[in-house]
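Reader: Before the classifications are discussed, I would ask to see the model itself.

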Amino acid sequence: MTERRSSRLLRDSRWISVQIERWANGAMEPTGLTAAQVSLLLHILAQGEEGTSLTAIHRSSGYSMPTLSGMLKRLRTKGYLRVEPCIGDDRCKKLLPTEKSWQLRAELEERSRQMEGELYACFTGEELRALDGMQRKLRGHLSTLSKRGKETSLS
């Protein structure tokens, strides 16, 4: 691949990411939450009464700990989360949805489904499967690069 093409791919990926975030935030505006907060809250709701931890969300989402901490603080301030100590580990805090979250769940899931439908409406089923495969491959490669980057630095 030429350097010019790879630069364009990277630039376009950034542009797409920013535009999706802006568009999704607009779609979620009536809920009073950002798209990232909705995604995070739906993840926590999916864990049910078992709850989850900041570390577990960090590992599955790719968000940095400070970014997650800020989002979780805002969700907690808005009354969507409660925090309880983890049994057997005083350092760990279990994140749990509140009744307010459970009441909003169906609306958030429906809005998310509608957004996904609108976003990917320009693709055929075959194109979506191909895109999914390429994204998974890139995610795996980035994971490898990230692990390797912790062991060595770029020269």
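Author: This is a predicted model. The ring-pairing rule gives a count of 1 aromatic pair. Tyr120 and Phe123 form that aromatic pair.

Reader: Why is the pair of Tyr120 and Phe123 called tilted?

Author: The ring centres of Tyr120 and Phe123 are 6.4 Å apart, and the rule asks for centres within 6.5 Å. The planes stand at 40 degrees; under 30 degrees would count as stacked and over 60 as edge-to-face, so the pair is tilted.

Reader: What makes Tyr120 count as partly exposed?

Author: Tyr120 has 33% relative accessibility. Buried requires under 20% and exposed over 50%, so the value falls in between. Phe123, at 34%, is partly exposed by that rule.

Reader: How do you know that Lys100 lies over the face of Tyr80?

Author: Lys100 is at 4.6 Å from the ring centre of Tyr80, and the distance limit is 6 Å.

Reader: Why is Ser53 called buried, given that Ser53 is found in a loop?

Author: The relative accessibility of Ser53 is 16%; buried means under 20%, so the term applies. The loop in question runs between helix 2 (35-46) and helix 3 (54-61).

Reader: What does the side chain of Ser53 reach?

Author: It reaches the backbone nitrogen of Ala56 at 3.1 Å, and a polar contact requires a pair within 3.5 Å. Ser53 also touches Cys92, Lys93 and Leu95, with residues up to four places away in sequence not counted.

Reader: What volume does the largest pocket have?

Author: The volume is about 2,100 Å³. Of its 41 lining residues, those closest to the centre include Tyr120.

Methods
Residues are numbered from 1 along each chain as its sequence is written. This is a predicted model: local features need pLDDT of at least 70, side-chain atom pairs count only at pLDDT 80 or more; totals for chains, interfaces and linings use all residues. Side-chain values use heavy atoms; hydrogens and water are left out. Rings of Phe, Tyr and Trp (its six-membered ring) pair if their centres lie within 6.5 Å; planes under 30 degrees apart count as stacked, over 60 as edge-to-face and the rest as tilted. Buried means under 20% relative accessible area, exposed over 50%, partly exposed in between (1.4 Å probe, protein chains only). A charge sits over a ring if NZ of Lys or CZ of Arg is within 6 Å of the ring centre and within 35 degrees of the ring normal. Helices (H or I, at least four residues) and strands (E, at least two) are DSSP runs, numbered from the N terminus. A polar contact is a pair of N or O atoms within 3.5 Å; within protein, one must be able to donate a hydrogen and the other to accept it, and residues adjacent in sequence count only if both atoms are side-chain atoms. Contact means heavy atoms within 4.5 Å. On a 1 Å grid over the protein atoms alone, a cavity is a set of points where a 1.4 Å probe fits but cannot get out, and a pocket is an open set with protein on both sides within 12 Å along at least five of seven lines; lining residues have an atom within 4 Å of a point. Grid points are joined across faces, edges and corners, and a volume is the space filled by probe spheres set on the points.
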